[in-house]
Amino acid sequence: MRWLGSLVSSAVDILALLAETLRSLKGVGRHPERLLAELSSIGTGSLIFLFATAAFMGVIIVFQTATQINKAIPDLSMLGAGFIRVMTAEMIPLLTGLMVSARVGSAISSEVASMVVTEQMDALRLANTDPTEYIVAPKLVASLVAVPILGLVSLATGITAGMLVGWIVFEIHPSTFLNFRYTYGYHFLSFCLKLLSFAVLIPLVSVIEGFRTGRQGAFSVGQAATRGVIMSSFFVFVADLSVSLLERGLWGAP
Amino acid sequence: MSAPTRDVRLKLAGVSKSFGARRVLDGLDLVVDAGELVAVTGQSGSGKSVLLKLAATLLPATSGRVEVLGVTPPYADREAIGALRNRLGMQFQNLGLFAFTDVYGNLAFSLTKIGMRDEDIRARVDPALETLGLGRAHDRFPDQISGGMKRRLAIGRVLVKLPELALFDDPVAGLDPLTAERVLGMIAAWRDETGAAVLIASPDPDAVRGRVDRHLVLEDGRLRPEAA
Amino acid sequence: MRGLLSHVGGITWLFFRAARYAVPLRLESREFSRILLHFGVKSLPLVLLTAVITGALMVLQTGAVVELMGATSMVGWASGVAVLREVGPVLIGVMFSGQVGSFNAAELGLMKITEQVEALSGLGVDPVRFLVFPRMLAMMLMLAVLTVYGDLFALIGGSIVSWGMFDLDPWVFWQQVLLPHPVDDLLEGVLKAVFFGLNISVVSCYFGLQVERDPWEVGVAVNRSVVTSAMGLFVIDYLFALARAGA
């Protein structure tokens, strides 16, 4: 049951760090080079990875779904519409969130942990620089910019890949794929809301795990890296489910 | 004729520092004047790093009076304590080298925060790079230089900042006696030139003994003079 | 790009070196059981919790689509298949690769920094035999077991949501899931999980053992192993889908 307590305390810490980071936000403009470095690391660093996994996801889903439907009703004309909706509202956001938390979560938490272990945080404070403003805030801003873009790229890639597979393997005409009949406005809202919450949660959770590290050198860095991945991907799941339930609750069926 | 005005750079009176139930410093007294080179030795875990960080205003005391450069550190006021810290320098036990910038950037970092112009920074850092023997490594990152170079860089960051109070946490750890002697000589020479107050912590009393004006031992949370 | 290829080569090489100890089986049973307990038991709560959430998510989505097509009665079936064969193993695999993969890479990285790996070699013990092979087997076994439990919990999550959102009687839900011979799907999911376990263990061991001196490298090892094994997961999943289509 102890892990439940640690989850709750993490949630509290996230809110506290968010508040502090928001306060430091205006200072981010003083260090544009940090912002650019983070954008490159979080954004462009994840691009190819997401590209590939989104494509795979699109292909796999179309494969599996088409095979199943073919067995029951050999009419694949509505597949595209359903596919687009599932990708937009659920699959792509979740995939993006998980992949970003895998890649960025461990990187941020181990970076922060090794900074704590080598006393870089103290050195920053002594050099009249607030670590939250200099280290944390740029990550948050970069994440807020990069994650939605990554999500959109993934969506485009996944849909395209699925479309191609549908056409080549199942002879489904691509035009049926660009059918937004089953995808409503609030699905896009869901998409955006999920990505934004991931963009906020992933860096903050990872930073917190980095700061929570002990001072035992390599051991602490490894521990922080591990917890960074685990906690950020867990919060991604929770946020994803929350938004999905909220969407369902607010707009009902379907 | 009046006595010359005393320039006290660090004053700790009855200072205690506890972490939860663990009391590390217990009613400690220390005064360091400008131009003094003081060494504090003691066993590992005796609290030397805590003492130094407290002097650097990075940790608040649990009780007692702390005066750094003549003022009580204004912990609550970001601007004010930043201004105070601009006049302090510390070499950390784990070096604290910034992984996100190169050797030049590490030396220049605190100077940019003080508000110096780029040309002035360059004028100060370039000669320092030569003195420290880091000239050719100026554009390499901390993870690309040797252990000895890292140490010199950490110490160099303090010297280049020209602080009024300089703190060194274990500056000669793992160095052979000859190099250790050279490093301490560099610090002492710098002290002669700038008149700063210098406080050095080390677990090895033999390494620092010859070089310092005063040698204190940290034991049971307090300082006492080293019995020769 | 070249870096990626050299890593893939290194990972494959490590796999073969470890696989050597499978035939004939030379397993350090104490290490093996220690790892099973260490990783398996620790991962359980979080994986199960994630599984419940995953099941709920799956039903929310597929249920809505199936509902549109006017086949509410098929919700249970759609979820069953989707979960058992596809989503269950993949998402659990991702969670596991995150959790265990990073844990493993960090542990081995630390052993390299503290020169324990060198010490093993010095004693005449092949680190691959003592460290890598038991982890490989343990994770393959663990992931299979966790997937079975995970599937169960995912379906539980799914039944709760379909009851709450679609007013589908849980009894009916479970009947639909169990009706179309789910055992095949379950076995396929388990087999996939075994391959996932192999992927995660070899990749994380590889990157962990690449660490040399700096504590910072441990973080790099964790990051690389999580990313690479996640990629590998999708490739394996894709290959399974291909194989299925071919069959």
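Helices are DSSP runs of H or I with at least four residues, numbered from the N terminus. The model shown in these views is predicted.

**View 1. The end of helix α3 of chain B.** Helix α3 of chain B spans residues 103-114. Just after α3(B), B:Gly115 has a positive phi of about 105°. Within the helix, the buried residues are B:Val103, B:Asn106, B:Leu107, B:Ala108, B:Phe109, B:Ser110 and B:Leu111. The cover over these buried residues includes α4 (118-132) and α5 (147-161) of chain B.

**View 2. Confidence along chain B.** The mean pLDDT of chain B is 90, and 97% of the residues score at least 70. Among the elements of the chain, strand β6 (residues 165-169) of chain B has the highest mean pLDDT, 95. The lowest mean, 85, belongs to helix α7 (residues 205-208) of chain B.

**View 3. The fold of chain A.** Chain A contains seven helices and zero strands, and from the N terminus its elements run α-α-α-α-α-α-α. Along the principal axes, the C-alpha atoms of chain A fill a box of roughly 70 × 40 × 35 Å. Of the 254 residues in chain A, 57% are buried. Among contacts in chain A with a separation of 6 or more, 89% join residues 24 or more positions apart.

**View 4. Packing of α3 against α6 in chain A.** Two packed helices are described by the angle between their axes and the distance between the axes. For α3(A) and helix α6 (residues 185-211) of chain A, the axes come within 7 Å and cross at roughly 15°. Angles under 35 degrees count as roughly parallel, so α3(A) is roughly parallel to α6(A). The crossing of α3(A) and α6(A) is right-handed. The residues of the contact between α3(A) and α6(A) comprise 16 nonpolar, 10 polar and four charged.

**View 5. The contact between chains A and C.** Chain A gives 48 residues to this contact and chain C gives 42 residues. On the side of chain A that touches chain C, the elements giving two or more residues are α2 (32-72), α3 (79-117) and α7 (217-251) of chain A. The most comes from α7(A), with 18 residues. By class, the side of chain A that touches chain C has 28 nonpolar, 14 polar and six charged residues.

Notes. Residues numbered from 1 in each chain as written. Chains lettered and ligands numbered in written order. Predicted model: local features only at pLDDT ≥ 70, side-chain atom pairs only at ≥ 80, totals over all residues. Contact = placed C-beta atoms within 7 Å. Nonpolar A, V, L, I, M, F, W, Y, C, P; charged D, E, K, R; others polar. pLDDT = per-residue confidence, 0-100. Buried ≥ 20, exposed ≤ 12 C-beta atoms within 10 Å, placed from the backbone. Axes fitted to C-alpha atoms, helices over the stretch in contact; angles between N-to-C directions. Parallel < 35°, antiparallel > 145°, perpendicular 65-115°, else oblique. Left-handed = near helix turned anticlockwise from the far one by under 90°.
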